[in-house]
Amino acid sequence: MATDFKSIPIIDIGPLLAKCDDPKMGQDPGVAQVVKQLDQACKEAGFFYVKGHGIPETLLKEAKNLTRKFFELPYEEKTKIKMTADKGYRGYQRIGENITKGVPDIHEAIDCYKEVKPGMYGDLGKPMEGCNQWPTNPPNFKLLMEEYISLCTELSKNIMRGIALALGGSPYEFEGERAGDAFWVMRLIGYPGSCNDIGCGAHTDYGLLTLVNQDDDINALQVRNLSGEWISAPPVPGTFVCNIGDMLKIYSNGLYESTLHQVTNSAPKYRVCIAYFYETNFDAAVEPLDICKQRTGGAKKFGRAVYGEHLVSKVQTNFVY
């Protein structure tokens, strides 16, 4: 249900986080205001910034700094953690190895996923089995990124409690069998400067919620509105840019849109971006919530989807080696 939005709202989620463990949080006036803003942003744009999120700005910057240091290493050093199918699609990919709708993207990346142990999800999870490949250079990379992932996971869970209230449900709609054991994906991405080619082609995200930590001084992320215009999502220091994914679009029965977005870095400087994706349980069967069907005329607009199948189908067609 995206609209002809011209800008992306900034939401202070501090009041939501202050009450996030209270089952009656929806009755709090401060929380109710945040919920209203989340609902409007998800309906109109599918994108919003969050401030007041509680993750130290020093950590946001250090994660980007370490990522930049890794991408500055010689190619031979970076390929020590080269991504392959037998590594569960985890690790480093050079520029042009990521494919969006058949076109090579002009970025390099490290891809990380929640660890999947052999047999954990049967045949469904087999392609994603493996552990993340963390570089040993720069030092402390693994330690810092695992802290970053832990904080983003907790933050995403709490934002999803606000979104659950916005949809008219209990705060815990997206826990238990839906996302009580949430899968996650993280991409550490580097975009060469002065590049008018598409750094990352137009796409939607796969899961529930994405948190994007982008360089403070480079304007590259663009979001498409209903008229097909590309609206800039400029960096706002200390915030995350958030957007909803395909699984939340299904759960909401189309009330919320997983909006197309792309990246073009025409700035002279190399751009670093860390995208954290909060997903459902890997084996969750996703279909419209009853509360959302009631709000959209009673009919189910989307069939059932299994998140792990959706992810694997994307992963297996997104890369060349």
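Helices and strands here are DSSP runs, numbered from the N terminus. The model is predicted.

**Exercise 1. The annotated domain**

Task: Find which residues UniProt lists for "domain: Fe2OG dioxygenase", and state how far apart the end C-alpha atoms of that span lie.

Solution: 
- Step 1. The UniProt record, an unreviewed entry, gives residues 181–280 for "domain: Fe2OG dioxygenase".
- Step 2. Between the end C-alpha atoms of residues 181–280 the distance is 7 Å.

**Exercise 2. The setting of N132**

Task: Decide whether N132 is buried or exposed, and list what its side chain reaches.

Solution: 
- Step 1. Locate N132 in the loop that runs between helix 5 (122–125) and helix 6 (141–166).
- Step 2. A residue counts as buried under 20% relative accessible area. N132 has 19%, so it is buried.
- Step 3. The side chain of N132 makes a polar contact of 3.3 Å with the side chain of R90. It also reaches the backbone nitrogen of Y113, at 2.9 Å.
- Step 4. Beyond the neighbours within four places in sequence, the contacts of N132 are R90, D111, C112, Y113 and W184.

**Exercise 3. Two partners of helix 6**

Task: Classify the angle that helix 6 makes with helix 3 and with helix 2.

Solution: 
- Step 1. Helix 3 (residues 57–71) packs on helix 6 at about 135°, and the axes are 10 Å apart.
- Step 2. Helix 3 is therefore oblique to helix 6. The crossing is left-handed.
- Step 3. On the helix 3 side the contact uses L59, L60, E62, A63, L66, T67 and F70; helix 6 supplies F141, L144, M145, E147, Y148 and L151.
- Step 4. Helix 2 (residues 29–44) crosses helix 6 at roughly 80°, their axes coming within 8 Å.
- Step 5. Angles of 65 to 115 degrees count as roughly perpendicular, so helix 2 and helix 6 fall in that class.
- Step 6. Here V31, V35, L38, D39 and C42 of helix 2 meet I159, G162, I163, L165 and A166 of helix 6.

**Exercise 4. The setting of K249**

Task: Name the helix that holds K249 and the residue whose side chain is joined to K249 by a polar contact.

Solution: 
- Step 1. K249 sits in helix 7 (residues 246–251).
- Step 2. Its relative accessibility is 22%, so K249 counts as partly exposed.
- Step 3. The side chains of K249 and E257 form a polar contact of 2.8 Å.
- Step 4. With neighbours within four places in sequence set aside, K249 is in contact with G254, Y256, E257, S258 and F302.
- Step 5. G46 is 203 residues from K249 along the chain, yet their C-alpha atoms are separated by 9.4 Å.

Notes. Residues numbered from 1 in each chain as written. Predicted model: local features only at pLDDT ≥ 70, side-chain atom pairs only at ≥ 80, totals over all residues. Heavy atoms only, no water. UniProt positions renumbered as here; feature names shortened; annotations may be inferred. Helix = DSSP H or I, 4+ residues; strand = E, 2+ residues; numbered from the N terminus. Buried < 20%, exposed > 50% of the residue type's maximum accessible area, 1.4 Å probe, protein only. Polar contact = N/O pair within 3.5 Å; in protein donor to acceptor, adjacent residues only side chain to side chain. Contact = heavy atoms within 4.5 Å. Axes fitted to C-alpha atoms, helices over the stretch in contact; angles between N-to-C directions. Parallel < 35°, antiparallel > 145°, perpendicular 65-115°, else oblique. Left-handed = near helix turned anticlockwise from the far one by under 90°.
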